[in-house]
Amino acid sequence: MAFPSIKGRSKTFSCKPQSDLDMGNYRNSFILLSLLVTALLLISSSNGVLGSRHLLDTTKPEIPEFPKPELPPLPTFPNFPKPELLPFPKVELPPLPLIPNLPKPEFPFVPHSPALEKPELPHLPKPEVPKTP
């Protein structure tokens, strides 16, 4: 793609950016311009406070009360007898089976090994911690 250029006596001026860094500068300037426009819009919209004070000072118009409409009476339903459920038949459970008592098993005697002696460890001094006020 060919970019237009203007040739002068000593320098050639081109419309295309010289490097990718120049494109980044174009993007940054667009972001800064959009932030500037947003800030100006926010600064110029300070009339909202004055409008809300004006709303507090005005009186509200009185709303006339309209007559309440009368509702038709609720329909009455005949009283039906409650349905009766058939009784459930009682089920007889068989008796629980008897578990016979088993004699306690006797285990053969196992001789115990003698307890091992605990080795004596040297006494270590405890470090002193300074008390904080």
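How many of the residues in the protein chain are buried, as a percentage? Buried residues make up 0% of the 133, where buried means under 20% relative accessible area, exposed over 50%, and partly exposed in between, with a 1.4 Å probe and protein chains only.

This is a predicted model, in which local features need pLDDT of at least 70, side-chain atom pairs count only at pLDDT 80 or more, and totals for chains, interfaces and linings use all residues. Residues are numbered from 1 along each chain as its sequence is written, and side-chain values use heavy atoms, leaving out hydrogens and water.

On confidence: pLDDT is the predictor's confidence in each residue, from 0 to 100. The protein chain averages 78, and 74% of the residues score at least 70. Strand β1 (residues 5-7) has the lowest confidence, at a mean of 52, while α1 has the highest, at 76. Where pLDDT is low, the predicted coordinates should not be read in detail.

On the fold: there are two helices and two strands, in the order β-β-α-α from the N terminus. These are DSSP runs numbered from the N terminus: helices are H or I, at least four residues, and strands are E, at least two.

I43 lies in helix α1 (residues 20-44), and I43 counts as exposed because its relative accessibility is 63%.
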